[in-house]
Amino acid sequence: MKIKFEKKYIMIGIIAFLVIAASICFYYLVFHGDRFSAKIKTLIVIASPILYGIILAYLLTPIVNNIESYLLVPLFSRFSDINERVKKVMRFVSVAMTIILVVLLINGFFSILIPNLLSSIRSISNQFPNYVENLIHFTDRYFENNPDIEKIFVQVLDTYSEQLNNFINNNVITRLESLVKTLSLSMIGVLKSLWNFIIGLVISIYVLFSKETFSGQAKKIMYAFFQTRTANGLIRDFRFVSDTFIGFISGKIIDSFIIGIICFAGTSLLKMPYALLISVIVGITNIIPFFGPYLGAIPSAILIFMVDPIKCIYFIIFILILQQVDGNVIGPKILGESTGLSGFWVIFSITLFGGIMGIPGMIIGVPFFAVLYAMAKRIITRHLTQKGLSAATKDYMDLEYIKGYEFVPKDNSVRKKFFKISFGKKEKKEEEQ
């Protein structure tokens, strides 16, 4: 006897199975989330070299494409036709040039930076007693002119000195051993990350050689499992995500590099102490949107304050001017409208993703939220267009209600009249009293 399977019942069975499986996964996540997160972390640690390779290949792809488009294609087209064999040769040359260029830039950056940073740190450690003495002299002179503030400072110092002493004796000293262990484990972690980075660099080379193949396979899967219209939309969305991320991150790195150079030139002209160290701190923290400049300026200002308090004031003024120039001139020129987010949403995304992922979340939070924002905007626009309504936000700002397809604005004259009557009654009551 031949059993017949109806497609409708098969789909019902598949949907029921997926609902049950999703319910089990939800229960597991709610009541055993720690085990799930531990498994995810273990999987990420195992796959970290592959992830590093994919991320590196993704970041290096624009360099490879530009070398091929603007250098190798014009050069090779003069001597022969661009066939498959020539394309492979061009890809090999472009990838090799990209890796060599990146390695040379990293090597040159650190060969210049590390010796200067070590000398600055050594100078800070050697001159630290003198800095403390300068700070004491400065506070003594300040307290001589402000005895009331000195009295408050002494009271606060007397109140908290015993607590500070107990904290140092009971907590800091007893935890030095664990601190040493933590530092040693951190060094091991740094070495592991460096080894994973080297393996990831090798993997990225293979990914760069076959990036068109991987892209074609991904598109083929899209068109195999989705309708053509849906697949076209998904591919367009993924392309937008890629452009947003690569545009923002690469632009922010270039912007931070320029800010670091300007900061070094400015602090050198103002004869600030440790100009290179301060410029590196300001440039690196500038990668974090909005809060980054202030995160870099605070430790730099404290360092300058220990050497010369007056120069610290000059430095704060210089950093404020520099950040205004970056926010209004340099940043918009480089980044343009790569995110399309207002200031509120930038702060919101940095706060949210920074709280979830820390410093990496603060860096990638803005472009990631920009993608979510654009997706939501696209969905809302599509639904409004299907209803025959306007998708422009300005049309809804003074909207009272919609009648058919007509936008009826608020009647501000009624509101003005109401306020006039209310205030008029208030004034009459005041006159009668």
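Which residues in α6 meet which residues in α7? Lys 219, Met 222 and Tyr 223 in α6 meet Thr 228, Ala 231, Asn 232, Leu 234, Ile 235, Phe 238 and Arg 239 in α7, where contact means heavy atoms within 4.5 Å. The model is predicted: local features need pLDDT of at least 70, side-chain atom pairs count only at pLDDT 80 or more, and totals for chains, interfaces and linings use all residues. Residues are numbered from 1 along each chain as its sequence is written, and side-chain values use heavy atoms, with hydrogens and water left out.

**Helix α6 against helix α7**

- The axes of α6 (residues 211-225) and α7 come within 8 Å and cross at roughly 145°; axes are lines fitted to C-alpha atoms, for helices over the stretch in contact, and angles run from 0 to 180 degrees between N-to-C directions.
- Helices are DSSP runs (H or I, at least four residues), numbered from the N terminus.
- By class, the contact of α6 with α7 has six nonpolar, two polar and two charged residues; Ala, Val, Leu, Ile, Met, Phe, Trp, Tyr, Cys and Pro count as nonpolar, Asp, Glu, Lys and Arg as charged, and the others, Gly among them, as polar.

**Helix α7 against helix α8**

- Helix α7 (residues 228-269) packs with helix α8 (residues 275-285) at an angle of about 150°, their axes 8 Å apart.
- The two helices, α7 and α8, are therefore roughly antiparallel to each other (an angle over 145 degrees).
- On the α7 side, Ser 256, Ile 259, Gly 260, Cys 263, Phe 264, Thr 267 and Ser 268 meet Ala 275, Leu 276, Ser 279, Val 282 and Gly 283 of α8.
- This contact of α7 with α8 has six nonpolar, six polar and no charged residues.
- Ile 261 lies in helix α7 and, at 47% relative accessibility, counts as partly exposed (between 20% and 50% relative accessible area, with a 1.4 Å probe and protein chains only; buried means under 20%).
- The C-alpha atoms of Ile 261 and Ser 279 are separated by 7.2 Å, although these residues are 18 residues apart along the chain.

**Nonpolar cores**

- The largest nonpolar core has 14 residues, and those with the most contacts inside it are Cys 263, Val 282, Ile 304, Phe 315, Ile 319 and Leu 322; such a core is a set of buried Ala, Val, Leu, Ile, Met, Phe, Trp, Tyr and Cys residues joined through side-chain atoms within 4.5 Å.
- Two or more residues of this core come from each of α7, α8, α9 (292-307) and α10 (309-335).
- Helix α10 gives the largest share of this core, six residues.
- Another core, of nine residues, lies apart from it and includes Phe 245, Ile 249, Met 362 and Val 371.

Terms used
Parallel < 35°, antiparallel > 145°, perpendicular 65-115°, else oblique.
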